[in-house]
Amino acid sequence: MMRKCALLYVCMLIPSLALACSHKQPTAAFIEINDKNRDQALSLEEWQQAYITDNMEVSFKMNDAAEFKRLDINQNGLLRARELGFESVKYKRNPCENMQAKLNTMGGARALMH
């Protein structure tokens, strides 16, 4: 039973690690994590509730309605990545930096299966 659980865990973890190491452009990643309705843009409501991961830094004032209005170049009430600017969100470190370390910790799960 323990081996089956460990195998299931490893099989579930591998796709998660691959996704975490997708090299997604940081501004697109910011939009994606805050886009509740999945329209690839942020509404004012989504903007006011927006957050960043501990691996991101931004060059704009988050959650501020006046900043939203300033950034909404076409004034359609939605912010897209191109309006934010592709250099406005940066990763502090490469998202794939710790991939090898995570894969190494999976060795512990593999050891349970033997």
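These questions and answers walk through a predicted model of a protein.

Local features need pLDDT of at least 70, side-chain atom pairs count only at pLDDT 80 or more, and totals for chains, interfaces and linings use all residues. Residues are numbered from 1 along each chain as its sequence is written, and side-chain values use heavy atoms, with hydrogens and water left out.

Visitor: In what order do the elements of the protein run from the N terminus on?
Guide: Helices (H or I, at least four residues) and strands (E, at least two) are DSSP runs, numbered from the N terminus. The protein has six helices and four strands. Their order is α-α-β-α-β-α-β-α-β-α.

Visitor: What percentage of the residues in the protein is buried?
Guide: Buried means under 20% relative accessible area, exposed over 50%, and partly exposed in between, with a 1.4 Å probe and protein chains only. The protein has 114 residues. The buried share is 32%.

Visitor: Which side chain of opposite charge is nearest to glutamate 46?
Guide: Glutamate 46 lies in helix α3 (residues 44-48). Lys and Arg count as positive and Asp and Glu as negative; His and the chain ends are not counted. Glutamate 46 is buried yet has no salt bridge (a side-chain nitrogen of Lys or Arg within 4 Å of a carboxyl oxygen of Asp or Glu). The nearest such side chain, 7.1 Å away, is arginine 38.

Visitor: Which backbone nitrogen lies 3.2 Å from a polar atom of the side chain of glutamate 46?
Guide: Contact means heavy atoms within 4.5 Å. Leaving aside neighbours within four places in sequence, glutamate 46 is in contact with Asn34, Asp35, Lys36, Asn37, Asp39 and Ala41. The backbone nitrogen at 3.2 Å belongs to asparagine 37.

Key. Polar contact = N/O pair within 3.5 Å; in protein donor to acceptor, adjacent residues only side chain to side chain.
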